[in-house]
Amino acid sequence: MGLSKASCCVAQLQLFIVICLFFQCFAAKKHADLNTTLTVNASDASGRLIPDTLFGIFFEEINHAGAGGLWAELVSNRGFEAGGPNIPSNIDPWSIIGDESSVNVSTDRTSCFDRNKVALRLEVLCDSKGDNVCPAGGVGVYNPGFWGMNIEEGKKYKVVFYVRSTGSLNLTVSLTGSDGVGNLASTVITGSASDVSNWTKMETLLEANATNHNSRLQLTTTTKGVIWLDQVSAMPLDTYKGHGFRSELAQMLADLKPRFIRFPGGCFVEGEWLRNAFRWKESIGPWEKRPGHFGDVWMYWTDDGLGYFEFLQLAEDLGALPIWVFNNGVSHNDQVDTSVVAPFVQEALDGIEFARGDPTSKWGSIRADMGHPEPFDLKYVAVGNEDCGKKNYRGNYLKFYSAIKQAYPDIQIISNCDGSSKPLDHPADLYDYHIYTGANDMFSRANVFDHTSRIGPKAFVSEYAVTGKDAGTGSLLAALGEAGFLIGLEKNSDVVNMVSYAPLFVNVNDRRWNPDAIVFNSFQHYGTPSYWVQQFFSESSGATLLNTSLQTTSSNSLIASAITWQSSVDKNNYIRIKVVNFGINTVNLKISFTGLDPNSAQLSGSTKTVLTSTNVMDENSFSQPKKVVQVQRLFQNVGKDMNLIVPPHSFTSFDLLKESSNLKMRGSDSSTWSSI
């Protein structure tokens, strides 16, 4: 069946009209977007100082962020304690080299360390000669680290372990491929029976002759007898500032220029049960004497090599203020009554003394013995994490608040209770605000602090992130929602003093939370779009917030702010304008400046930085680590009034150099692209 010629013409005419109407609507929408104007009052006198502390980072031991991540220790379960204090203990991921006819491996409680008594016992049944000759390469144990050890050619690795034996010792320590094949580095440790009849500390330095990202550490022998091993460690010598942090991951943090670091959690601080909560006193002193503990929230063992002291050291290395979160007698499932919370209060006071006390004080002397006689700059503490709704929180909190303020009046104390919508019913210097939500809702929360009281405690937005289907494993869409939220916080920085994303790290082999800012494995790493968004705000802390006004006939998909800041590199002053376009349309943005003195300021030598991609769900990956990253372009001509193109689904930053001469005439923003 067919249509007549006349009917066909009518149908074509109707289709033409529909198409025309569609493009008229589309053009009208585009035209509306072209009318967006941002007016910036560039006078510093009319601006407002942003707190020096506004943007920082939050580290939680989650996703193997520290153990097997930022902390560079290569051996997993180095003290054989992961199975708990009872024996036989689970020694995973240690494995046996040899069979039952050649070696018998067990655990006992004969270690020389009081707080971690489990030791590994190797009964070697074979020998270098005789009826039962050991297999080639010997028998013993190996450790694959955290999903493979990254061993790189030319680099040196310090191996330390404790050993004792019933006879003479002839132990080969080697780094090999994951299957035991390929000798990357090795040495033989020997000792007479008298030398090793008691526990003895052994150290050796191995230099790798090849690179293998999936290596393992082996300890083997061909000598019959019984050998005990404990506290086996392998650390690269090349760590961030020589303090044990994995260099490339620590550098990712340094590049954010964080003003503070909140640690060590998060739920890690609480524990599912108090017996498994992080306790700072168990994480200081010589590493081999630390008992370690099972983090029952994120379900893995940590040796606590990354302990309280190391967190304070990391903050100092990054030039950031430490913010210590401690347990207040409350976990996810049990809690201490306020009437008996005094030991927890004393533990917090002792922790502050450890960080700040004179080297002659009880706890300050322990810090000094660890190599840091000068006090750390601890000014902020948080009493618990997300505990406000718990029965005993307020009563416990008041005990901590009173004791700390009496002993350390300058310490700023952070409450878990949200004071953004109504005043707190207890004293505090700051209050926690946590938000995990979808991208649209996060973007809409840019004004959440617009109507917060300007008196009383300030807000610490210590955990925020877009989660759920919008996030993927780190999408552009998630990052843009967060960018809009952060601009809102920047504009409300008179009541918001601190902001940090969560979580910071994820080892892809143990993703307990999704998404995260920095993704890594044993040898690779990349930043998600959310990480790159944070770099847009790296100069905001301590800058001057300028007054801005945005007039738009489009939907509320655009948000902008402006600051003036001084570069620490070239010492020049800049105006930085940040614009988030959360919508689907290109925006022709007119930026108009007021308050500029033409005799003292000029906009020149300027850059434009854009974060966008072809699809809002685009992500970075190990194969494409820079698929969604900042891209910077140089302006040829910049003027007092500028017409600029803002791409859909993008975050754009304009850095305009202020100089002593007249303004250039306005012109185009043609330029050459370069990747940061």
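Where is the place of Pro264? I found Pro264 in the loop between β17 (260–263) and α3 (267–270). Helices (H or I, at least four residues) and strands (E, at least two) are DSSP runs, numbered from the N terminus.

Before going on, I noted the ground rules. The model is predicted, local features need pLDDT of at least 70, side-chain atom pairs count only at pLDDT 80 or more, and totals for chains, interfaces and linings use all residues. Residues are numbered from 1 along each chain as its sequence is written, and side-chain values use heavy atoms, with hydrogens and water left out.

**Backbone.** I looked up the peptide bonds in this loop. Phe263 and Pro264 are joined by a cis bond, omega about -10°. Gly265 and Gly266 are also joined by a cis bond, with omega about 15°. Gly266 lies in the loop between β17 and α3.

Next came phi. Glu386 is not a glycine, yet has a positive phi of about 50°. I placed Glu386 in the loop between β21 (380–383) and α7. Glu386 is partly exposed, at 39% relative accessible area. (Buried means under 20%, exposed over 50%, partly exposed in between; 1.4 Å probe, protein chains only.) Lys571, not a glycine either, has a positive phi of about 65°. Lys571 sits in the loop between β31 and β32 (573–581) and is exposed, at 55%.

**Rings.** I count 34 aromatic pairs. One of them is Phe59 with Phe505, edge-to-face, 6.2 Å centre to centre and 65° between the planes. Phe59 is in the loop between β3 (57–58) and β4 (95–97) and Phe505 in strand β26 (residues 505–507), so the pair ties together parts 446 residues apart in sequence. Phe59 and Phe505 are both buried. (Rings of Phe, Tyr and Trp, its six-membered ring, pair if their centres lie within 6.5 Å; planes under 30 degrees apart are stacked, over 60 edge-to-face, the rest tilted.)

**Helices.** I checked α5 (residues 342–356) against α7 (residues 393–407): they pack at about 35°, axes 10 Å apart. (Axes are lines fitted to C-alpha atoms, for helices over the stretch in contact; angles run from 0 to 180 degrees between N-to-C directions.) Phe344, Val345, Ala348, Leu349 and Ile352 of α5 meet Lys399, Phe400, Ala403, Ile404 and Ala407 of α7. (Contact means heavy atoms within 4.5 Å.)

**Ser557.** I found Ser557 in the loop between β30 (547–551) and β31 (558–566). Ser557 counts as buried, at 13% relative accessibility. Not counting residues up to four places away in sequence, Ser557 touches Phe443, Val580, Asn581, Phe582 and Gly583.
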